[in-house]
Amino acid sequence: MKISAAVQSPSIIAVTRLIVQLSPLITAPVIARELGPAGRGLYSACFAATVLAPVVLGMGLPLAVRRRASTGAPDATLRAVYLVLPFLVPVAVAVGFLIERYVVTELDPDSARAFILGMGCSVGFVATLCFQSVLIGGRRYGAIALLQSTQPVALTFGVALGWILGSLTLPWVLVCAAVSTLLSTLMGVYLTRISPRGPRSRLRPLALESIAFSGSQAAETASNTLPQIIAVVAIGAHDAGLFAIAITVASLPMTLGHTIASVMFRDAAASVGEANMRLSALSIRITALTAIVPVVVLACTTPLLIPLIFGEGFRGSVSITLICLCGSVLLTVNYVASQMLVALDKGVLMTAAQLVGLGLSVALMFVLGPALGGAGAALASIAGWLLTTLASVRALRLSATSLLFHAGDLRQAFTVVTKGHIDHSAV
């Protein structure tokens, strides 16, 4: 009974999300030692592209599915998604050719082919996000945890196998990433168990809903991935590899943000008026409160652990990581704030908030990057996170007073993370 309760608790999302966030750190030492900082930088750029491109091509489908799944049966909607996804594959491959030719130009022929393969398979990432949206709508926390951990666990296994066999090259890692994405898609099919046959939602209304969210989801994903792609151009593959480690560490507190957003989303989507604002303010307060703890722990431990885990060649990443950690709470808060905007059907405002922050990050990366290297890229990222957070809070129409910590916020944070509900009487 206790095991079953633990699996159905939203805290299991935090645990498995931590696996998702830590998996790059588990495999990164092996990849870094085998490929070097430059190879690590190229891999980070390629992997970021395979995450960003399908989200852009998916045109907001996962968020549209999430809203529908939170208010009704998702079967007909998911069947419509099944019909759309195959048409995205050739488009993703074409985008991959353009990125390989004009952005990640340092790839050797084998790596380039593996990257193109990964871009084709990356459409499975859109499917996985749609499956996850169905599970979030149904509050199936154990299934969410299993789905979101499939890809990183499979990728970790593939990297470990390549290392054992002495075959760990950049093409091997890129192929493993592609295969792990497909495995995650198959896991989503199994967990949702919605047959492609049966009544299907009309494509036109779904497309209109998706387009309304397309900019918001693409902008959110771009904010987390585009800087790592741009870094290869702005500061070179070597410093981009150091920056990639720093971003990975700074993103670890987001495990709590994903948990809080998963619990709060359905309540926020169902609330109106003043209740919306109270729930949004509460979600931001408890996110900031809970994220502070892991940030402090990481700041104290990474100066020792990064050289120990990755080797002396990555000691230069320590200072970059400490800079990124200064903005880690902002990164976590703006993720949750973005999800609240989606729940409130404010996708356009979320898009605007994400784009202004992303634009600032990219612009500053080209200004600060050439002079400061990875440290400049980190400062550029923090500036973007700060601007996005401020813009999101403004879009939610929250006052500064509503964001001041309340006496019961710590208890609310514990209730949300461990029990999966809110004490509305104390909101």
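**Briefing: helix packing and selected residues in a predicted model**

Phe131 is buried, at a relative accessible area of 2% (buried is under 20% relative accessible area, exposed over 50% and partly exposed in between, with a 1.4 Å probe and protein chains only). The model is predicted, so local features need pLDDT of at least 70 and side-chain atom pairs count only at pLDDT 80 or more, while totals for chains, interfaces and linings use all residues. Residues are numbered from 1 along each chain as its sequence is written, and side-chain values use heavy atoms, with hydrogens and water left out.

**Overall make-up**

- The chain has 17 helices and zero strands; helices (H or I, at least four residues) and strands (E, at least two) are DSSP runs, numbered from the N terminus.
- Of the 427 residues in the chain, 58% are buried.
- Taking contacts between residues at least 6 apart in sequence, 84% join residues at least 24 apart; contact means heavy atoms within 4.5 Å.

**The aromatic pair**

- One aromatic pair turns up in a search of the whole structure. Rings of Phe, Tyr and Trp (its six-membered ring) pair if their centres lie within 6.5 Å, and planes under 30 degrees apart count as stacked, over 60 as edge-to-face and the rest as tilted.
- The pair is Tyr82 with Phe131, and it is tilted because the ring planes stand at 55 degrees, with the centres 6.2 Å apart.
- Tyr82 belongs to helix α4 (residues 75-84) and Phe131 to helix α7 (residues 123-137), so the pair ties together parts 49 residues apart in sequence.

**Packing of α7 and α9**

- The axes of α7 and α9 come within 8 Å and cross at roughly 30 degrees. Axes are lines fitted to C-alpha atoms, for helices over the stretch in contact, and angles run from 0 to 180 degrees between N-to-C directions.
- The two helices, α7 and α9, are therefore roughly parallel to each other (angles under 35 degrees count as roughly parallel, over 145 as roughly antiparallel, 65 to 115 as roughly perpendicular and the rest as oblique).
- α7 passes α9 in a left-handed crossing; a crossing is left-handed if the near helix is turned anticlockwise from the far one by less than a right angle, and right-handed if clockwise.
- On the α7 side the contact is made by Gly124, Phe125, Ala127, Thr128, Phe131, Val134 and Leu135, and on the α9 side by Thr181, Ser184, Thr185, Gly188, Val189, Leu191 and Thr192.
- By class, the contact of α7 with α9 has seven nonpolar, seven polar and no charged residues. Ala, Val, Leu, Ile, Met, Phe, Trp, Tyr, Cys and Pro count as nonpolar, Asp, Glu, Lys and Arg as charged, and the others, Gly among them, as polar.

**Packing of α12 and α14**

- Helix α12 (residues 274-310) packs against helix α14 (residues 328-343) at an angle of about 155 degrees, with the axes 9 Å apart.
- That angle makes α12 roughly antiparallel to α14.
- The crossing of α12 past α14 is right-handed.
- From α12, the contact includes Ser280, Ile284 and Ala288, and from α14 it includes Val329, Val333 and Met340.
- This contact of α12 with α14 divides into ten nonpolar, five polar and no charged residues.

**Residues with positive phi**

- Most residues other than glycine have a negative phi.
- Arg193 has a phi near 50 degrees, a positive value in a residue other than glycine.
- Arg193 sits in the loop between α9 (170-192) and α10 (203-250), and it is exposed at 60% relative accessibility.
- Arg397 also has a positive phi, about 60 degrees, although it is not a glycine.
- The loop between α16 (374-395) and α17 (409-419) holds Arg397, which is exposed with a relative accessible area of 63%.

**Other individual residues**

- Thr150 is in helix α8 (residues 141-165) and counts as buried at 13% relative accessibility.
- Beyond its neighbours within four places in sequence, Thr150 is in contact with Leu183, Ser184 and Met187.
- Ile245 is in helix α10 and is buried at 0% relative accessibility.
- The C-alpha atoms of Ile245 and Ser44 are 9.3 Å apart, and the two residues are 201 residues apart along the chain.
- Leu364 lies in helix α15 (residues 347-372) and is partly exposed, with a relative accessible area of 24%.
- Not counting residues up to four places away in sequence, Leu364 touches Gly369, Ala380 and Ala383.
- Leu364 and Gly376 are twelve residues apart along the chain, and their C-alpha atoms are separated by 7.9 Å.
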